[in-house]
Amino acid sequence: MRYKTFVILLMTTILLSCKAVFANIPAAEITVDARSAILMEASTGKILVDQNKQERLSIASITKVMTLLLVYEAIDEGRIKWDDIVTVSDYAAGMGGSQIFLEPTERQTVRDLTKSVIIASANDSAVALAEYVSGSEEAFVQLMNKRALSLGMTETSFQNSCGLDADGHYSSAEDVAIMSRELINNFPEVLEVSSIWMDSIVHKTARGEEVFGLNNTNRLIKSYQGAVGLKTGSTGNALFCISAVAERDGMMLIAVILGGPTSEIRFHEAARLFDYGFSNYSVIEGESSGTPKGIINVNKGAQEQVGVSIKTQINCVIPKGKSVELESKLELPEKVDAPVFMGQKVGEIVYFANGSEVGRSDLIIMEDVPKAGLTDNLRMLFSRWF
């Protein structure tokens, strides 16, 4: 059935004397002592600082952010489990660079291999996980590149799962921030591990069991208030890199430094970006996912109306000290035809700050409504009469 679309107004006005969100906040021009850098607010993806954000550079072990994302997604989809036992291959055990010295045929759980990747940046563990998820590192790398494209990472090409220097292996500060944001937003539990300063695993070989200590490569965990992750990296080509995450006062920031001249400078510059972000911006949270936003008529349904709710919470970033008037409106059709199903999109809620659009979220059906049967039609007819 054809129907006319119209806008249902909603003047939800919130006066805020802190930061809310402007879509037109320009990225600050801050000089960072590195080849490339970016500061991004995690919930919105808003870029607050940009220095050569799209330059293609070696990223060393920050590569492992994508490896971790694919491992967590495989867990989430039920393809592997945390307690699965991985038998380490000769190839994985032979990785150079940072490692936990896995031995061929050694058996480790997915959980402990993942922990050693996050905390100690273990190349051997990263490759062992890649082989377990996809059968071979080559197949896993194909999956990495496919996932990168799905995220819009246009300046990225992976050649391995651990980040060792290789021809054609590169990314950009913006792409690193994008995949870091995807990981921490979808799997925030990764930050519980990446904020651990020291831990251990147990090597399990034919000689017996041996405790091996893990030390976090991210010094910001100890030195910067609110730092919770995420991944460091360094090679001859990449120099010193970090994708750092910190949270204060309900705002989470991602600071990416690529090509820092020294290890100390990369940490210093990431901390300086965090200081700038936390000092100058804040976040206001929109209505939470699942918040009811009224009803919509159902044509030829078992019931005449059904509730709609917000699918995804929309947050806004604004400069501190700004008074912001946040408004929203609902865009819904006049009616929908039965059957409709819970979770089905039927419209959008659009948010405005001081007259500028700052975000929108789908409005979805809150329950199934089948087509009306004879009994339903009689019941509705009776209710109208009496």
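This is a predicted model: local features need pLDDT of at least 70, side-chain atom pairs count only at pLDDT 80 or more; totals for chains, interfaces and linings use all residues.
Helix 5, spanning residues 137-150, has 14 residues and reaches 20 Å from its first C-alpha to its last, close to the 20 Å expected at 1.5 Å a residue.

- The buried residues of helix 5 are Glu-137, Phe-140, Val-141, Met-144, Arg-147 and Ala-148; seen down the helix axis they fall within an arc of 120 degrees, so they line one face of the helix.
- An α-helix has 3.6 residues a turn, so residues three or four places apart point the same way.
- Turned away from that buried side is a face of helix 5 that carries the exposed residues Glu-138, Gln-142, Lys-146, Leu-149 and Ser-150.

**Surroundings of helix 5**
- The elements covering the buried residues of helix 5 include helix 1 (64-76), helix 2 (90-93), helix 4 (123-134) and helix 6 (173-186).
- Gly-152, which follows helix 5, has a positive phi, near 80 degrees.

**Cysteines**
- A search of the whole structure finds zero disulfides.
- Cys-162 counts as buried because its relative accessibility is 1%, under the 20% cut-off, and Cys-316 likewise counts as buried at 1% relative accessibility.

**His-268**
- His-268 is found in helix 9 (residues 263-280), and its relative accessibility of 48% lies between the 20% and 50% cut-offs, so His-268 counts as partly exposed.
- Although His-268 and Tyr-224 are 44 residues apart along the chain, their C-alpha atoms are separated by 9.8 Å.

Key:
Residues are numbered from 1 along each chain as its sequence is written. Side-chain values use heavy atoms; hydrogens and water are left out. Helices (H or I, at least four residues) and strands (E, at least two) are DSSP runs, numbered from the N terminus. The expected span of a helix is 1.5 Å times one less than its number of residues. Buried means under 20% relative accessible area, exposed over 50%, partly exposed in between (1.4 Å probe, protein chains only). The arc is that of the directions from the helix axis to the C-beta atoms. Contact means heavy atoms within 4.5 Å. A disulfide is a pair of cysteine sulfur atoms within 2.5 Å.
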